[in-house]
Amino acid sequence: MFSLLLVAALAQGPAAPPEPSASPQAPPVLPVPDAGVADAVVPPLPVASLPPATHELFRRIQGRVAQVRIIERRSGTKSSIGSAFFVSAKGHALTNYHVVSDLVLHPEDYTAELDRGDATVPVRLLAVDVASDLAVIQMDAPVSDYFKLEEHEPPQGTRLFAMGNPRDLGTTIVEGTYNGLVRDALYERVHFSGAINPGMSGGPTLSGEGGVVGVNVATMGNQVGFLVPVVRARTLLDRALEQSAPPDPAALMTSVKDQLMANQQRITDRLMATDLPKQSLGEYRVPGRWSPFLKCWGDTPHDPETPYTVTSYQCSSEEDIFLSSSHRTGVVTYLHQHVESQKLGAMRFSALYSTLFSQDPDAVAATREDVTNFRCKSEFVDVKGLTVRAAICLRAYRRFPGLYDLVLRAATLNATTHGVDTSLTLGGFSAENARKLARRYLEGLSWTK
């Protein structure tokens, strides 16, 4: 997809074995009754005790953060790691969906465990929020020390502390700043100024009082990090606490599918409720910035030796949903290319134009294990008097029936020395909604002469 936002999934791949002697001792586990356990309130840490050092915060709460290890069953070794933190006396912990995605997609091949420093314990997966990139896991033993999730976001500019296990180095604290929610984002994220590093995925970010205000999820590097807002974490935890028993693998897959279907419907409703703005491009008007969550930019390369010019205008949601290390979804992106030449004759221009149309656009990342092959239909379409050659292609999701990726290619055919080649890519939509959006998109093409 055409994207400027290089958001890294922070679950770390195979790593060196942990250091045997440097692990901090976890707090003692105290017996807790099975029923009627009320969430204890974590005593607030006075802000005055924190600056300029964070050693007091680190000492008091490091036992509440653990390393998540995803174990490949056949070899019995780690395949990936991340972070998690305890949020209830009954051993519930929050992490990222992308840290534990293998447990959803390949439960027969993977298990999970928590490394608490002095012990490693198995955990089970209770609930996921795939659009927010969150998951709730639980171990059998109760815990006496866990985090409180704050009710609201902190004021902008608040000093925060992100915790996790970067690069398998043990529990670490990174200081940073709360910069509020990312504006015009398709998926809610908090902008955090701090060095969130690989392996810190799923760790908590805290206020100076020790309450959780977000969950580490992604980074762009250069002290630009992203958190899942605490309200999303609270909602998922509440759902997990209401469950009477852990869901089986089929139920987890159904839950993910239902969430993806709801997400694509939300995006479709949002786009269809908005008038499609027009953007001038040469002698044509093309779909412009359809929604605030789309980021748009344009360019015209200048090469004096090239006998034609190609002016591009592209828009992208810049964000996606992580399904697996090989499969992303939940995206909207499109590209217009205005091609013009005063030097090429009609035949040579036609050959150039046909070559551009035949090029494959960037599809949503997926493998043959994830999706079927594209099935396409090509035809000539009259768009309010403008003749357009259009090809619409769909491929189905293998694990989530009813979801598809769509690629629409179209090219205007009203002139011999200029034209617009355009493509629309949708990731993770129902066939009906994908076609509906494609039709609306095509209606955005027009000729100004």
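A salt bridge here is a side-chain nitrogen of Lys or Arg within 4 Å of a carboxyl oxygen of Asp or Glu. The model is predicted: local features need pLDDT of at least 70, side-chain atom pairs count only at pLDDT 80 or more, and totals for chains, interfaces and linings use all residues. Residues are numbered from 1 along each chain as its sequence is written, and side-chain values use heavy atoms, with hydrogens and water left out.

**View A. Arginine 399 and aspartate 370 form a salt bridge.** The N to O distance is 2.8 Å. Arginine 399 sits in the loop between strand 22 (386-396) and strand 23 (404-412). Aspartate 370 sits in the loop between helix 5 (346-358) and strand 21 (375-383), 29 residues apart from arginine 399. Helices (H or I, at least four residues) and strands (E, at least two) are DSSP runs, numbered from the N terminus. Aspartate 370 is buried, at 2% relative accessible area. Buried means under 20%, exposed over 50%, and partly exposed in between (1.4 Å probe, protein chains only).

**View B. Arginine 64 forms a salt bridge with aspartate 145.** Their closest N and O atoms are 2.8 Å apart. Arginine 64 lies in the loop between helix 1 (55-61) and strand 2 (65-72), and aspartate 145 in the loop between strand 7 (134-138) and strand 8 (159-164), so the pair ties together parts 81 residues apart in sequence. Arginine 64 counts as buried at 5% relative accessibility. Aspartate 145 also counts as buried, at 19%.

**View C. Arginine 124 and aspartate 140 meet in a salt bridge.** The N to O distance is 2.4 Å. Arginine 124 belongs to strand 6 (residues 120-129), and aspartate 140 to the loop between strand 7 and strand 8. Arginine 124 is partly exposed at 30%. Aspartate 140 is exposed at 62%. The structure holds 15 salt bridges.

**View D. Helix 4 covers residues 249-272.** Its 24 residues reach 35 Å from first C-alpha to last, close to the 34 Å expected. The expected span is 1.5 Å times one less than the number of residues. Buried residues of helix 4 include Leu252, Val256, Gln259, Leu260, Asn263 and Ile267. An α-helix has 3.6 residues a turn, so residues three or four places apart point the same way.

**View E. Strand 23 pairs with strand 22 and with strand 24 (residues 418-429).** Two strands pair if DSSP finds at least two bridges between them. Strands 22 and 23 are antiparallel over 9 bridges. Strands 23 and 24 are antiparallel over 8 bridges. A hairpin of 5 residues joins strand 23 to strand 24.
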